[in-house]
Amino acid sequence: MTGEASAREQFPQTADRVTRQWSKGNFGARMYDFIVMHKRLAGPLGRIMWHNEMGDLYADIAELGDVPTGSEILDIPCGGGVALRGLRSDRRVRYVAADISPFMLDRARAEAARRGLADIDFVHANVNGIPFADATFDLCLSYNGLHCFPDPQRALAEMVRVLRPGGRLRGTAVVAGAGRVPAACVSIFQRADQFATVGRVDDVQRWLAGAGVIEPRIRRRGAYVLFSGRRDDAGKDSSPAEGGSDV
Ligand SMILES: C[S@@+](CC[C@H](N)C(=O)[O-])C[C@H]1O[C@@H](n2cnc3c(N)ncnc32)[C@H](O)[C@@H]1O
């Protein structure tokens, strides 16, 4: 059974509803993308909703400029292309922007055109069955995606699968357990089918370990985590390493 099939078997309605919601290009999807594209809006809103000004997100994206020339990068889910701002024109990399929503992919294409980035591959993909061979990428980015996926561990395992041995994973996600206002926001987004599974920090730790991510690091601020780790050098699943956590 493929990963996609297994996630759909476990969470069929959630997977379909969330996919439909993000693919519709309705008010919620447009509004989210407009906000995340404008740091000055995302900061204050993030402070209210997630007790976090989203600085970690934009700082992590900015580090993309340091990725070595020749790297192969997968951005899933790319959404409207917020991470594209991190690319530097003097660093030649292969960049694949993947998302399940054709609507969000169109927005990402428009963002790439606006930035004069011609060499991006846009791929319609479900994170539960990423359409690339094992060990294809040096870096996988997953910003603001885990909380939209019905089966986050399955999604992370897919990202690890397509990473080369030693390849790195970086991302952010909303987490539970940070107070009433974030909990109310999560509930609203889940009812609107924009969010699926929102775990606590220890769930994120467990998902990373279960997916075979080694040297995991998680930094939590409010209801938001920045996480990173890598696939082991041998490219095999490994038992959870003693990863750092700033939680
Ligand atoms: C909150 S947005 C994040 C997008 C972008 N990374 C960002 O930070 O703005 C969540 C994205 O996840 C995508 N998505 C939801 N379920 C997915 C799935 N199963 N596979 C791939 N993408 C998915 C949605 O289409 C949406 O673009």
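Start by selecting Glu158: this residue is buried, because 26 other C-beta atoms lie within 10 Å (buried takes 20 or more such atoms around a residue's own C-beta, exposed 12 or fewer, partly exposed is in between, and C-beta atoms are placed from the backbone). Keep in mind that this is a predicted model, where local features need pLDDT of at least 70 and side-chain atom pairs pLDDT 80 or more, while totals for chains, interfaces and linings use all residues. Numbering runs from 1 along each chain as its sequence is written.

Colour helix H7 (residues 152-162) and you'll find Glu158 in it; helices (H or I, at least four residues) and strands (E, at least two) are DSSP runs, numbered from the N terminus.

Next, click on Ile76. Beyond its neighbours within four places in sequence, Ile76 is in contact with residues including Ala98, Asp99, Cys140 and Met159 (contact means C-beta atoms, placed from the backbone, within 7 Å).

Now jump to strands E2 (residues 94-99) and E3 (residues 120-124), which pair in parallel over 5 bridges; pairing takes at least two DSSP bridges. Ala98 sits opposite Val123 in E3.

Last stop: the ligand. It is surrounded by 22 residues, the closest being Trp22, Pro77, Gly79, Ile100 and Ser101 (near means a C-beta atom, placed from the backbone, within 6 Å). Helices H2 (12-24) and H3 (27-37) are the elements giving two or more residues to this shell, and H2 supplies the largest share, 3 residues.

Key:
Two residues are in contact if their C-beta atoms, placed from the backbone, lie within 7 Å.
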